[in-house]
Structures are given as structure tokens and as C-alpha cells.
Amino acid sequence: MNIQSILAVTDLSAHGLRTVVRAANIAAAHGALLKIMYAPAAFAGPADADAASGLGALCLEVAERFGILVKKIDDTRGRLDGAAHEAQWCDLVVIGDEPDRSLAAFFHGQPAEQLVRAAQRPVLVARLDARAGGYGRILVAVDLMEESRPLVDLACAFDGQADIELFHAFTPMHEGKLRYADVSSHVIDAYRHACARHARERMLWLSDASIARRNRVVSSIGRGDPARQAAVQQQYSKADLLVVGKRRRCALMDFLFGSVALRVLRWSTGDVLVVPHCALAARQGQHAAALAQRGAA
């Protein structure tokens, strides 16, 4: 993951300052520019009168403490569209997880969920204390499709010192139909084992990626709802960070049919990195172009 610019969105509260510290740690590890932007909780702008001076002091403190380049974003509207616009020029967005209990949030999602949809950039939702530095263990939730491979590469490059665990939860879609058709338990067990075998083969394919081999990589397989099982596995394996991909869908589709990535955000108790499908597609295209150039050479 080539991180050159990071946007940290903070409300200058204690939790918001932990978000900035997490972003600063990542910026220091990648040699990236850190942009810090103020936004009130739930993007309920405008900014208060003391926000500009408080943000300026924070930028100076972070630059001196972490030895990185820091830029203050002067947008004082405190709105979601302002954060999404600024995110277009960044490789990563870091935001806290302050809950919004309004009726609008019920339909449109929490502020972090809205920013994920609006920015179409990798968004890190920071919940854990970042004083310890980088991540110790990263859990990558994969769906075994082609897009999973660049997601694994991205997670491995996000923190080169972290242990990597690949996780997939499968739900045999036709098992219920087989039971309804009064198929024998022996046939259903065989079908279930075939699904598990396919998952293991695909997990081996993912863990054999060239970048993944340079990291400490393990894999595990669960059974059941992918979002719920990923959140449970994060707690079980004590992973600091859960990485999940998200396909582009409108808020209404997410509300009616649900989204694995957004349900992971709601159920997870640790940090979550949500990577939009478009970002993975761009990374996959860059990887293919690099391979073609290498072959031509």
C-alpha cells in the first residue's frame, strides 16, 4: 500500500486525539504527509470558535512529536462533504467511531459508514489506543474472489511488522434447499465438506501471494454469517486491526440488504480498515501493469 498522504478527521476530544495519534504513527511508518481536519461529532458543523486555534496547536505538537510533515485543513464547515472532498487527495482516511444516535443515522448509517461511502478511499476506523505504535496482528476478511488477492497484498504492506491472518467464513447457500428436499444427512455432509475443501484451496492460493510470503501469514476458516464471524474471529485471535473490502453500493441498498463491511464496523470492537472495491481494482491494475512490464524486460 503506497501511502503518501493521510487525512485524520478529529473533533479534538480525547477520543479524537487518539485518532490523530494512530494516523501519525502510520504516517511516520510510511513517510507520509499527515493532514488533520476538524469536524464536530457526527459532522454536525459548523466548527466552534476555538476549533481553528486548537487544530493549529495540535498540528504543531504532532509534527514535533512524530517528526513528520503535518498540514492543517482550514475547512471550518464541519460537514461530511468537506471531509469526502479532502479525502479525494489522500491515500488513507482515519476517523474515530463516535456514535450518532439520531434518526438520520438509523437510515443513512453512522458517520464513519457515511464517510466510507462518500470518500471511496480506504478508511481506517480507529478505536484502540495507539500509544503502542503499530499493529501486532492484522485479520483480513476475504471472500475468495479475485479482489481478495490485492486486499491481502494491501494488508501485508499496511504494516510490515504485523502478523497476518486470513479469515473466510462460508455459508453453504444450498444446504437449506437440500434439507427442504429431504436429502439424506450423508449427502448434506458431503456437500458441506466440499464447500470447506474449496475454501481451503482458495485460502492456500491467497496465502501463496508473493508479498504475503514475506510476512508471517496464517489462515483460518469459519462457518456462518461472514460479518459476524469476522468480528468474533478478531476477538478470538486478538487482532488489533480487521481489514475488509467493500463493493460500491448506495446507502439505500446497504440499508435494505446490508453490507458485510458495514456490519463488520458495527460489530467489531477493534480497529477496522474498510477498503472500497474501486481502490482494490486500481491496485490490481497497477499490479498487472507491473507484471507486464517485467515480462517485457
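How many helices and strands does the secondary structure of the protein chain come to? The count is 12 helices and 10 strands, where helices (H or I, at least four residues) and strands (E, at least two) are DSSP runs, numbered from the N terminus.

Before the close-ups, some ground rules. This is a predicted model, in which local features need pLDDT of at least 70, side-chain atom pairs count only at pLDDT 80 or more, and totals for chains, interfaces and linings use all residues. Residues are numbered from 1 along each chain as its sequence is written, and side-chain values use heavy atoms, with hydrogens and water left out.

View 1. Of the 297 residues in the protein chain, 45% are buried. Here buried means under 20% relative accessible area, exposed means over 50%, and partly exposed is in between (1.4 Å probe, protein chains only). Now take the contacts (heavy atoms within 4.5 Å). Among those in the protein chain with a separation of 6 or more, 79% are between residues 24 or more positions apart.

View 2. A nonpolar core is a set of buried Ala, Val, Leu, Ile, Met, Phe, Trp, Tyr and Cys residues joined through side-chain atoms within 4.5 Å. The largest one here has 47 residues, and Ile6, Leu34 and Val140 touch the most other members. Look around Leu34 and, leaving aside neighbours within four places in sequence, you'll find contacts that include Ile6, Ala8, Ala23, Val62 and Ile68. There is also a second, separate core of 32 residues, with Ile73, Val244, Ala261 and Val272 among them. As a general matter, nonpolar side chains tend to be buried together in soluble globular proteins.

**View 3. Helices H1 and H2, side by side.** Two packed helices are described by the angle between their axes and the distance between the axes. For H1 and helix H2 (residues 51–66), that's an angle of about 40° with the axes 11 Å apart. The axes are lines fitted to C-alpha atoms, for helices over the stretch in contact, and angles run from 0 to 180 degrees between N-to-C directions. H1 and H2 are therefore oblique to each other, given that angles under 35 degrees count as roughly parallel, over 145 as roughly antiparallel, 65 to 115 as roughly perpendicular and the rest as oblique. On the H1 side, Leu17, Val20, Val21, Ala24, Asn25 and Ala28 meet Leu58, Val62, Arg65 and Phe66 in H2. Sorted by class, the contact has eight nonpolar residues, one polar and one charged. In this sorting, Ala, Val, Leu, Ile, Met, Phe, Trp, Tyr, Cys and Pro count as nonpolar, Asp, Glu, Lys and Arg as charged, and the others, Gly among them, as polar.

View 4. Phe66 lies in helix H2 and counts as buried at 18% relative accessibility. Beyond four places in sequence, Phe66 is in contact with Val21, Ala24, Asn25 and Ala28. Phe66 and Ala29 are 37 residues apart in sequence, yet 10.0 Å apart in space, C-alpha to C-alpha. Thr19, found in helix H1, is buried too, at 1% relative accessibility. With neighbours within four places left aside, Thr19 is in contact with Val9, Val94, Ile95, Gly96 and Ala126.

**View 5. Helices H9 and H11.** The axes of H9 (residues 226–237) and H11 (residues 260–267) come within 8 Å and cross at roughly 40°. H9 and H11 are therefore oblique to each other, and H9 passes H11 in a right-handed crossing. Pro226, Ala227, Arg228, Ala230 and Ala231 in H9 meet Val260, Arg263, Val264 and Trp267 in H11. That contact has seven nonpolar, no polar and two charged residues.

**View 6. Helix H6 and its Ser148.** H6 (residues 148–158) is mostly covered, with nine of its 11 residues buried. One of them is Ser148, with a relative accessible area of 2%. Not counting residues up to four places away in sequence, Ser148 touches Val142, Asp143 and Leu206.

**View 7. Two loop residues with a positive phi.** Leu12 is not a glycine, but has a positive phi of about 70°. Leu12 is in the loop between strand S1 (5–10) and helix H1 (14–30), and is partly exposed at 27% relative accessible area. Gln120, also not a glycine, has a positive phi of about 55°. Gln120 sits in the loop between helix H5 (111–119) and strand S5 (123–125), and counts as buried at 12% relative accessibility.

Technical notes
Left-handed = near helix turned anticlockwise from the far one by under 90°.
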